[in-house]
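Hi,

Here is the structure we talked about. Please have a look before reading my notes below.

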Amino acid sequence: MKTDFRDMWRQLNHYQQEAVLDENPACVVNANVGSGKTTVLIAKVLWLHMEKQIPFEDMAVLTFTNKAADEIIARLKKSCEGEIAPEQVHGFGTFHSVALRLLKDRLSVETAGWTKEFTVMDPDEETDLALELITSRGLKVKYKNRLKKRLEQEYGAYESGKAESRYKDDLFALYPLLLKEKKRQNKMAFSDLLRVSTELLSPGGGSADAEAENGVWRPAWVIVDEVQDSDALQMEFLAALLGQTGKGEEHKEHEEHRGKLFAVGDPNQVIYSWRGTGDNMFFLLKHRFGARELTLPVNYRSGASILEAANRFLQFGTGIQGDRENRGTITVKNHYDPFQEAEYLAERIRGMHESGTAYRDIAVFYRLQRQSELLAKVFERHGIPYELSVKETLKDIPVLDWLVKVLRFSVNSMDEQTGIAVLADPLYGEKCTKKKAGQIVREDRRETSELYRRMKEFPCGVFSGKEEEFPSAQALFDWFGLREALHPTSAEYRRDAQTALAFLEEVCAYCGQILEEGPGKRYMDCMREFINSSALYGMKIDAGEKNAADKNAVDGGETGEAPDSVKLMTLHASKGLEFDTVFIIGVNPGLIPLRCTGFEQEEEERRLFFVGMTRAKNELELSWYTNPGEPGVAGEYSRYLKMIPEHLISGETGTGGSSEKGYGLQQMRRQIQENRKKKEQPEEKKVRVRHRKYGEGVLVSDDGTTVEAEFPGYGKKQFLKAFGEVEIK
DNA sequence: ATTCGAACCATTTTT
DNA sequence: TGGTTCGAAT
């Protein structure tokens, strides 16, 4: 264990070492891009643990994403020979997951109006609930289609006591109603997790009794990753964890009891301010906690030319120092249009692969999600393996989306909204209207719906005997009568049942593990924990289930751990990653930078481009179109290209100019547009479909989730669109 | 119900 | 700049 830490220590540069050793009450590390930010964070945790004898239990290590949290724990485990028990790292995770754990284990949620059995809402659920309240209470709220955004954005104004909402409607009257309803149904939205835990952590927030009884958790150290991405709510949570109310100065006397803050971030990589406050949280935090600022100036990732170019886009700090001998190359290319570019990229990447570069070392970044469509099509035709960074969630698979709701209601019968959604589901529910479903749930009419009865009696029905093992997946499957609910006669029954069963296996495995680690927990609590954490985990499907769900996935990629494929993603999605070779496409005015309204926005576009450039280790190729073919995008050099000194650019050629090549694009675009039309309103005329088993057929109906088609010799069959079983032509 | 002008917004996405 | 949505007016 110790040798590992010494090894790690020796590999740190003196800036990094200083950061690790810092013991100020608050320290914020300005970690330049590629400067070993996470390494420092891990070293800090290990140093505190091993040299300062601070147990992991007394630390909060907070991240913005699950991915980052997973990475930290994984690297920590690797550095510690002894296994780290899950209960030791209860303070490690995303802001939301740590808040959830606190609310469940350490804080008296009862004071705030919930019970310990509360569940976590799905993000869309809150909007749905709000819409229902608007209707049932006859509120007048404008821009309902943007309600989600409005609820988030205008909360600050509401909280600070503003009299009227932005559009002078009843939005502000909706907030208290919504909160009351969430308490009544015993569930919290994501933001509630932070808001309520912050409230209960603050002195005077929770009742004095409860605090004395439980003892509010005061971590000795609070360590934060990517602080620049945190928002106002997360900042308050931090302050509360540290025991700072932010108001009076009375906390001075408790100084030695207060936790210390160590935060790591990069103000130059703020690319998500459009969803937060807009202020640069890095400096806000430094100011608020009076933190000492340290800098990590050495970049270990990119070649010198790439760094020098990137430095032109740096907004804060004095410049990044390079470490690598290698200069790296920057190339600027001009292509006639996106189609020509895609063709060129496919050829170029094939060539690179033939001369020994792995596909996985190559990435293509673009500004807008829709730019990926053409690339994917062309790459497919050329047989270039690629991976789009689009996350698939449980919600994308209708059976699982529904099944999760079944479980969620079973585990929290106060959650009327979910109960109703389950029963009124057009696919798997009780073939009843929302109204009828509402009646069943509200009047507890178990005799009317067997499914409702099963969900309602789930706690005592399945978990009756305490000595029993956790029920098997099959037992759960049977209990809810899924055999019937999933339509055994439908074509997709086998797949649906398989998917559902696989998911239930997952549930059982998780619960079994929890029980093993901490006996004495009740089955229901384990189950609730699973449901809650899956809500927070973005409902991501892990490999096993995903394979079960779509066996005939688009490309026949190998089932290896990391498939060797080119990564296609937006500039935003590229943050935190690195590749040997990076292509940034569409560096045209109107795209990079995107047409922006203010100075602030323009700065963010610049940071975004900076983030993209600095992903490249050795080769960076930037390209622009002569004919972008999009309204608002000019067929010129982006000014970002002009910002790169010419001597750093090693080649400037391309396929631009020749106009006859435009034909391909026209064709491709037309094709894409036609496909879109078919997806949206396919019942125009006779649309032909193809199925692996049933062959050619004719489309009968398509409601967005289910496709019904008629096949000669087989009759009408239904399919779930999400599985892509049928190919609509 | 339908039509009109005015206001607003577009893209990026995690929990 | 063009597409959507709101509210007022037919």
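Is glutamate 181 buried or exposed? Glutamate 181 counts as buried, because its relative accessibility is 11% and the cut-off for buried is under 20%. Keep in mind that this is a predicted model.

I looked at salt bridges. A search of the whole structure gives 49 of them. Here are three.

Helix H10. Glutamate 181 pairs with arginine 184 in a salt bridge, at 2.8 Å from N to O. Why can these two meet? They sit three residues apart in helix H10 (residues 171-184), so about one helical turn separates them. Arginine 184 is partly exposed, at 42% relative accessible area.

Helix H28. Glutamate 604 and arginine 607 also form a salt bridge, at 3.0 Å from N to O. They are three residues apart in helix H28 (residues 599-613), which means a separation of about one helical turn. Glutamate 604 is buried, with 8% relative accessible area. Arginine 607 is buried too, at 7% relative accessibility.

Helix H21. One salt bridge joins arginine 454 to glutamate 450, with the closest N and O atoms 3.0 Å apart. The two are four residues apart in helix H21 (residues 450-456), so about one helical turn lies between them. Glutamate 450 counts as partly exposed, at 42% relative accessibility.

As background, side chains of opposite charge can pair when their charged atoms come close.

Best wishes

Technical notes
Residues are numbered from 1 along each chain as its sequence is written. Chains are lettered from A and ligands numbered from 1 in the order in which they are written. This is a predicted model: local features need pLDDT of at least 70, side-chain atom pairs count only at pLDDT 80 or more; totals for chains, interfaces and linings use all residues. Side-chain values use heavy atoms; hydrogens and water are left out. A salt bridge is a side-chain nitrogen of Lys or Arg within 4 Å of a carboxyl oxygen of Asp or Glu. Buried means under 20% relative accessible area, exposed over 50%, partly exposed in between (1.4 Å probe, protein chains only).
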